[in-house]
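Please open the structure in your viewer and keep the sequence panel beside it. The stops below tell you what to select next and what you will find there.

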Amino acid sequence: MLECNYTSLAEFVFVGFTDYLLLRIALFVVFLVVYTLTVAGNLGLIILVNIDPSLRKPMYYFLSNLSFLDICYSTTIAPKMLANFVASKKRISFYGCALQMFFFACSADAECLTLAAMAYDRYAAICHPLLYSALMSPRVCLGLVLLAYFSGSVTSLVHVSLAFRLSYCGSNVVDHFFCDIPPLLALSCADTHINQLLLFALCGFIQSSTFMVIFISYACILVTVLRIKSSGSRNKTFSTCASHLMAVTLFYGSLLSMYLRPASSYSPALDKVVAVFYTIVFPMFNPIIYSFRNKDVKKALKKLFEREWIFR
């Protein structure tokens with residue numbers, strides 16, 4: 001019987017997107033621009049929320065945490081991906097892969113819970129305006145954010161500890177551009193049924209439970225809004241939720257298609273395309289969505305630019 005030890009594997013090698021040099025250089029430039037915009041946009045939104053008194057509300061407290069998670073999300077994946085575009089061999093160390101998987105999974109799960117907290121905040125503000133200050137007190141907001149980070153850390157630790165206790169006796173070539181869980185499990189020469197079951201159970205629980213919180217919150221909001229007689233007031237109320245709904249649709253659509261399906265249906269080429277969107281592209285869109293579709297953020301930006309122009 002062949003015995004193998006997972007510690008004998010020192011590194012993994014990514015397949016990436018292509019071996020064609022000109023295409024790799026073009027992708028490097030495109031993703032460098034996207035990553036730069038992601039960090040600048042989300043960092044700018046965090047700073048704006050913290051310096052403008054009008055944005056010191058629960059909704060924007062959650063939004064600044066969402067931006068922080070988007071920066072973490074992209075920074076976990078993008079720098080290594082960019083380096084691999086210009087490297088002769090797309091390597092990552094064994095422990096580097098474990099760290100990348102941990103921070104990626106932690107950010108993803110924490111983002112799901114943060115989006116659910118934002119939906120609950122809108123529900124409390126629209127359906128129970130008189131109780132809003134009690135329902136969304138600073139202590140409650142802090143508790144929800146800490147719960148998001150704690151849950152994300154625990155679930156990602158479970159996935160990483162189980163994945164890296166497996167034996168990898170054969171190829172170390174990962175058919176992906178980062179250390180995601182499914183393509184890594186495909187390399188193991190050990191039984192991965194427990195890993196697959198926990199991946200489906202934990203991801204399924206977090207994604208489905210947070211999705212249900214979002215769905216129920218917006219169902220209650222819809223019922224409340226339809227009772228408003230003034231069409232102007234209805235439109236104004238809907239506009240406060242539109243940006244969040246757009247972000248939820250983009251994020252959950254890609255995650256559900258990636259992780260809540262049988263392992264036999266994984267397609268490396270399609271998974272790479274979907275993964276690019278939810279790890280690299282969508283984090284860039286969040287500050288754009290929340291800036292251009294939110295009157296408070298636009299007003300705060302206008303005040304900031306006017307203040308800078310006056311000081312000049």
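Begin by selecting asparagine 65, which touches Val145 and Tyr149 when residues up to four places away in sequence are not counted, where contact means heavy atoms within 4.5 Å. Asparagine 65 sits in helix 2, and it counts as buried because its relative accessible area is 11%; buried means under 20% relative accessible area, exposed means over 50%, and partly exposed lies in between, using a 1.4 Å probe and protein chains only.

Before moving on, note that this is a predicted model, in which local features need pLDDT of at least 70 and side-chain atom pairs count only at pLDDT 80 or more, while totals for chains, interfaces and linings use all residues. Residues are numbered from 1 along each chain as its sequence is written, and side-chain values use heavy atoms, with hydrogens and water left out.

**The whole chain**

Followed from the N terminus on, the elements run β-α-α-β-α-α-α-β-α-α-α-α-α. Of the 312 residues of the protein, 47% count as buried, and among contacts between residues at least 6 apart in sequence, 80% join residues at least 24 apart.

**Helix 2 and helix 5**

Select residues 58-85, which form helix 2, together with residues 138-163, which form helix 5, and you will see the two pack at an angle of about 20°, with their axes 10 Å apart. Axes here are lines fitted to C-alpha atoms, for helices over the stretch in contact, and angles run from 0 to 180 degrees between N-to-C directions. Helix 2 and helix 5 are therefore roughly parallel to each other, given that angles under 35 degrees count as roughly parallel, over 145 as roughly antiparallel, 65 to 115 as roughly perpendicular and the rest as oblique.

Which residues of helix 2 and helix 5 meet? Show side chains for Pro58, Tyr61, Phe62, Asn65, Phe68 and Leu69 in helix 2, which meet Cys141, Leu142, Leu144, Val145 and Tyr149 in helix 5. Sorted by class, this contact of helix 2 with helix 5 has 10 nonpolar, 1 polar and no charged residues, where Ala, Val, Leu, Ile, Met, Phe, Trp, Tyr, Cys and Pro count as nonpolar, Asp, Glu, Lys and Arg as charged, and the others, Gly among them, as polar.

Then look at alanine 87, which lies in the loop between helix 2 and strand 2 (91-93). Is alanine 87 buried, partly exposed or exposed? Alanine 87 counts as partly exposed, because its relative accessibility is 22%. If you draw a C-alpha to C-alpha distance from alanine 87 to arginine 24, the two are 9.9 Å apart in space, although 63 residues apart in sequence.

**Helix 3 across helix 5**

Next select residues 94-127, which are helix 3, along with helix 5; their axes come within 7 Å and cross at roughly 145°. The contact includes Ala110, Leu113 and Thr114 of helix 3 as well as Ala148 and Thr155 of helix 5, and by class it has 15 nonpolar, 6 polar and 1 charged residues.

Within helix 5, centre the view on alanine 148, which is buried, with a relative accessible area of 1%. Alanine 148 touches Ala110, Leu113 and Thr114, not counting residues up to four places away in sequence, and its C-alpha atom is separated by 9.7 Å from that of leucine 115, 33 residues apart along the chain.

**Last stop: threonine 155**

Finally, move along helix 5 to threonine 155, which counts as buried at 9% relative accessibility. What joins the side chains of threonine 155 and aspartate 109? A polar contact of 2.5 Å joins them, a polar contact being a pair of N or O atoms within 3.5 Å in which, within protein, one must be able to donate a hydrogen and the other to accept it, and residues adjacent in sequence count only if both atoms are side-chain atoms. The side chain of threonine 155 also reaches the backbone oxygen of glycine 152, at 3.2 Å. Not counting residues up to four places away in sequence, threonine 155 touches Asp109, Leu202 and Ile206.

How values were computed: Helix = DSSP H or I, 4+ residues; strand = E, 2+ residues; numbered from the N terminus.
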